[in-house]
Amino acid sequence: STVMHRRTGRKSRKEEEEVRQKLTPEKEHQVLDRCYFRCRLGFHPTIWQWKEVALAIVQKRKPHKTLGKLWERKFKKRHPEAKSRFSSQLDFVCNTKGNNVELITRFFEEYISIIQDFKIKPQNTYNIDEIGFRIICNIDGSQEFITVIERVCGDGSTLDPTIILKAEEFVAEWFHKLPHIPENILFGRSHNGWTGKHMAKKFLERNFGNGSITDQKAKETNDYRLLIFDCHSSHVNLTFLEYCINHKIIPFCLPPHTMHRLQPLDVAIFSPYKHFYQKGLTKRFENHDYGIGKDNFYEVLVAARRQAFTTKNIISGFWNTGLIPTDGTIVLRKL
C-alpha cells in the first residue's frame, strides 16, 4: 500500500519524476521568472520559446544536454498557472488596428512601471525600427530592396543608421563615392536586402554594446537604457534579449498593431523621411540622372535624413505617442 511504501522509504511518483527531470524544481522556477519578466516587457512567449529558455539553462552546465519530446506537455501540467502567459494568434486578431482601449491602457501602466522601477531617463530612452527603400539600378532598370534600421533618442538626438543591402558579397566600388561616412554607420548584406537575427545582433553591439555612444552616455551615471521596438521576429529571440539584459538595456516591446500610435519613428519621422527621399529622387530625374544604385543610395538617403531627423521631429514623436513625458491620454483621446 501507499503507506507501507512511504514507511520503507519509497518515493512518491511526483518525487521520482522530479529525479528524472532535466531541470530541478528550482531551475524550472528560474524559467518561469525569466519568462514572466519577458511578458512584463511585452514579449508573450510561445511554449517553444519557453523551451528555448529552459534549454539555455540546462546547457549552461551541460552543453550537450537536450530536453525530452514531451517536455512542453509535462511543463504545462506542472505549472498550470503559466498557461495564460502563452502567446496565441488570437491576441493578434483581437487587437487589430491598435484601437483596443484596454490594451493601450495596460501598455501605459506597464511602461510607467518599467520607467519607475529602472529609473529610466529620457536621454537613455531609444526607439528603433526599420524602413525599406527601393532602388532602381542603372543597367537594366530592375529594382532592389534596401532595409535601413533607424533609432532615435528621447532627448531629440539620433544614431547613425544601419543599411542592409541585397548582396551575397560586398563590392568595393559601391563605397568609393560615399562622402564623409560616419564612424558608427553599419553596412550589412543579405540575400533579399532584409534584416535578420544576425544583423539585428550586429547593430545592437555597434550602437548599444560596450564603448558605444549610448553606453558611454548611460555609464556616466550608471543608468539603465530603454529600447522600444515592435515584436518583429528578427528582434525577438533569446540571444537578442539576453544580450540586452546583460548590458543594462531593458527591451520593451510595443503591442501588436499599435505602431501607428505608439512608435515615435512611425508617428513623426518615417513619413517625412520617405517624402524627402522621394523628393531627392525627383530632383535627380529632373537632372536626367535616372539611376540610383548601391553606389549612390547613401548620398540620397543622407540628404533625406538631414531634413527628417530633426530634434523637433524626434521630440514630437515621443510626445505624440505619450512616451515622453509619459501621458497615455494623448493616445487614448485619439481612439
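Between which two helices does the loop that holds serine 212 lie? Serine 212 belongs to the loop between helix H8 (197–208) and helix H9 (213–219). The structure discussed here is a predicted model.

**The whole protein**

The secondary structure consists of 15 helices and six strands.

| Property | Value |
|---|---|
| Share of the 335 residues that are buried | 44% |
| Accessible surface | about 18400 Å² |
| Share of the accessible surface that belongs to carbon and sulfur atoms | 53% |

Among contacts with a separation of 6 or more, 68% join residues 24 or more positions apart.

**Serine 212**

The relative accessible area of serine 212 is 5%. Because buried means under 20% relative accessible area, serine 212 counts as buried. The side chain of serine 212 reaches the backbone oxygen of glycine 209 at 2.7 Å. When neighbours within four places in sequence are left aside, serine 212 is in contact with Arg206, Asn207 and Arg225.

**Helices H3 and H5**

Two packed helices are described by the angle between their axes and the distance between the axes. The axes of helix H3 (residues 25–40) and helix H5 (residues 71–78) come within 12 Å and cross at roughly 85°. Angles of 65 to 115 degrees count as roughly perpendicular, and H3 and H5 are therefore roughly perpendicular to each other. On the H3 side, Glu28, Val31 and Leu32 take part in the contact, and they meet Trp71, Phe75 and Arg78 in H5. Sorted by class, this contact of H3 with H5 has four nonpolar residues, two charged residues and no polar residues.

Definitions and conventions. Residues numbered from 1 in each chain as written. Predicted model: local features only at pLDDT ≥ 70, side-chain atom pairs only at ≥ 80, totals over all residues. Heavy atoms only, no water. Helix = DSSP H or I, 4+ residues; strand = E, 2+ residues; numbered from the N terminus. Buried < 20%, exposed > 50% of the residue type's maximum accessible area, 1.4 Å probe, protein only. Polar contact = N/O pair within 3.5 Å; in protein donor to acceptor, adjacent residues only side chain to side chain. Contact = heavy atoms within 4.5 Å. Areas by Shrake-Rupley, 256 points an atom, 1.4 Å probe, with all protein chains shown as cover. Axes fitted to C-alpha atoms, helices over the stretch in contact; angles between N-to-C directions. Parallel < 35°, antiparallel > 145°, perpendicular 65-115°, else oblique. Nonpolar A, V, L, I, M, F, W, Y, C, P; charged D, E, K, R; others polar.
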